[in-house]
Amino acid sequence: MDMISDLNTSSRFLLGPGPSMVPPRVLRAMASPLVGHLDPEFLQLMQEEQTLLRLVFQTDNELTLALPGTGTSGMEAALCNFIEPGDAVLVASMGFFGERLAEIAGRYGAQVERLERPWGETFDPAEIEAALKARKYKLLALVHAETSTGALQTGIPEIASAAHAQGALVVLDTVTSLGGLPVEIDHWDVDVAYSAAQKSLSCPPGLAPITVSERARQALRQRKTPVANWYLDLNGLEKYWEAPHAYHHTAPISLHYALREGLRIVEEEGLEPRFARHRAFAEMLWEGLENLDLPLLIPLAQRLPTLSTPQIPPSIDDAAVRRRLLDEYNIEIAAGFGPLKGKIWRIGLMGHSSRREHVRLLLGALEDILASA
Ligand SMILES: *Cc1c(COP(=O)(O)O)cnc(C)c1O
């Protein structure tokens with residue numbers, strides 16, 4: 001077998017939809033010696049992690065923690081804890097991850113109603129409000145930053161208020177937004193939001209931050225049936241995160257070291273400067289792409305600073321360009337998929353990947369490759 005000796009992998013510039021690049025400080029934190037998952041030092045670390053998560057989610061929610069698993073674990077937890085068989089769930093979907101929300105909700109026994117926009121478009125909040133009025137829903141689920149298209153759903157406060165007026169909880173996917181652009185859970189009155197360590201928080205994959213409002217906790221307490229997923233049952237997880245810290249599962253210690261360090265970096269930079277940095281380098285990228293005749297799919301007002309999606313002219317060989325970026329420049333970007341397969345690239349400038357030198361390097365590499373193609 002052809003093996004990568006001593007895991008001596010190439011150093012890539014990770015400019016795709018995640019994982020993003022991990023700062024050396026975070027990698028060093030991960031290499032710290034293990035302590036046990038009930039060690040007082042580890043419990044203190046978890047408490048600090050919780051405080052920092054509340055800061056990035058901009059919430060006072062007591063129930064705020066990091067779940068084991070990647071972003072999809074957050075999706076599972078956000079749905080399985082609040083869905084009982086037969087519950088009506090509205091999913092507003094504008095791409096791949098909205099579709100995944102609908103799929104997961106269905107597996108927990110929900111009667112799922114899909115409200116759809118074509119990939120690349122977003123919802124007018126009034127459209128969601130009208131759908132909420134048509135039927136009594138237990139829960140509305142939607143994606144804030146749709147990584148399959150590069151679109152940002154705006155109007156979350158209006159959407160949340162319309163859902164609450166009808167008695168529905170709001171679940172928001174903030175996987176590609178948290179840490180890269182404003183996510184204001186309390187101000188927007190979102191009930192459940194989850195994310196992933198490896199996108200705009202720039203940590204290794206394996207943990208999924210989640211935060212849950214008092215309203216949602218009340219709904220959790222009023223369930224008639226046990227949560228169908230034992231591992232992600234917030235009742236059990238909460239007993240581990242809160243004193244007296246009852247064992248639930250063995251926490252992935254090193255990943256928590258990493259996430260705490262990554263969150264400390266976010267705190268040191270400050271949310272506003274961090275969002276401004278993501279915005280500034282995204283704008284630099286957009287201008288450069290337009291100059292290379294690679295127009296952006298998403299109109300400016302709905303465009304994500306963390307994930308840009310230039311359209312590929314038919315004359316360009318999508319896969320060949322990505323291969324050369326990787327082989328000759330060590331740069332990873334991603335392909336489009338679903339209805340956007342072959343039509344767009346997906347370029348992530350998330351967390352530590354969002355830097356001037358990366359934008360310049362990518363634009364220079366694309367210019368070279370396109371000139372010689
Ligand atoms: C990446 C992503 C997910 C899934 O996260 P994984 O870490 O791949 O499990 C969910 N939602 C959105 C919007 C994403 O970008």
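**Close-up views of a predicted model**

**View 1. The structure, a predicted model, holds one cavity of 30 Å³ or more.** The space in this largest cavity comes to about 30 Å³. Its lining is made up of Ala66, Leu67, Pro68, Leu237, Tyr240, Trp241, His249, Ala251 and His256. Two elements, strand S2 (63-68) and helix H9 (234-241), each contribute at least two residues to the lining. By class, seven of the lining residues are nonpolar and two are polar, while no charged residue takes part.

**View 2. Phe96 and Phe97 form one of the three aromatic pairs in the structure.** The ring centres of Phe96 and Phe97 are 5.0 Å apart and the ring planes stand at 90 degrees, so the pair is edge-to-face. Phe97 has a relative accessible area of 16% and is therefore buried, being under the 20% cut-off. Phe96, with 27% relative accessibility, counts as partly exposed.

**View 3. Trp119 and Phe337 form an edge-to-face pair.** Here the centres of the two rings lie 5.8 Å apart, with the planes at 85 degrees. The pair links distant parts of the chain, as Trp119 and Phe337 are 218 residues apart. Trp119 belongs to the loop between strand S4 (111-116) and helix H5 (125-134). Phe337 lies in the loop between strand S13 (334-335) and strand S14 (345-348). Trp119 is partly exposed, at a relative accessible area of 24%. Phe337 is also partly exposed, and its relative accessible area is 24%.

**View 4. Phe96, Phe97, Trp119 and Phe337 are shown together as a cluster.** Ring pairs join these four residues.

**View 5. The charged end of Arg303 sits over the ring of Trp286.** The distance from this charged end to the centre of the Trp286 ring is 4.7 Å.

**View 6. Cys80 and Cys203 are two buried cysteines.** The relative accessibility of Cys80 is 0%. Cys203 likewise has a relative accessible area of 0%. Zero disulfides are found in a search of the whole structure.

Notes: Residues are numbered from 1 along each chain as its sequence is written. This is a predicted model: local features need pLDDT of at least 70, side-chain atom pairs count only at pLDDT 80 or more; totals for chains, interfaces and linings use all residues. Side-chain values use heavy atoms; hydrogens and water are left out. On a 1 Å grid over the protein atoms alone, a cavity is a set of points where a 1.4 Å probe fits but cannot get out, and a pocket is an open set with protein on both sides within 12 Å along at least five of seven lines; lining residues have an atom within 4 Å of a point. Grid points are joined across faces, edges and corners, and a volume is the space filled by probe spheres set on the points. Helices (H or I, at least four residues) and strands (E, at least two) are DSSP runs, numbered from the N terminus. Ala, Val, Leu, Ile, Met, Phe, Trp, Tyr, Cys and Pro count as nonpolar, Asp, Glu, Lys and Arg as charged, and the others, Gly among them, as polar. Rings of Phe, Tyr and Trp (its six-membered ring) pair if their centres lie within 6.5 Å; planes under 30 degrees apart count as stacked, over 60 as edge-to-face and the rest as tilted. Buried means under 20% relative accessible area, exposed over 50%, partly exposed in between (1.4 Å probe, protein chains only). A charge sits over a ring if NZ of Lys or CZ of Arg is within 6 Å of the ring centre and within 35 degrees of the ring normal. A disulfide is a pair of cysteine sulfur atoms within 2.5 Å.
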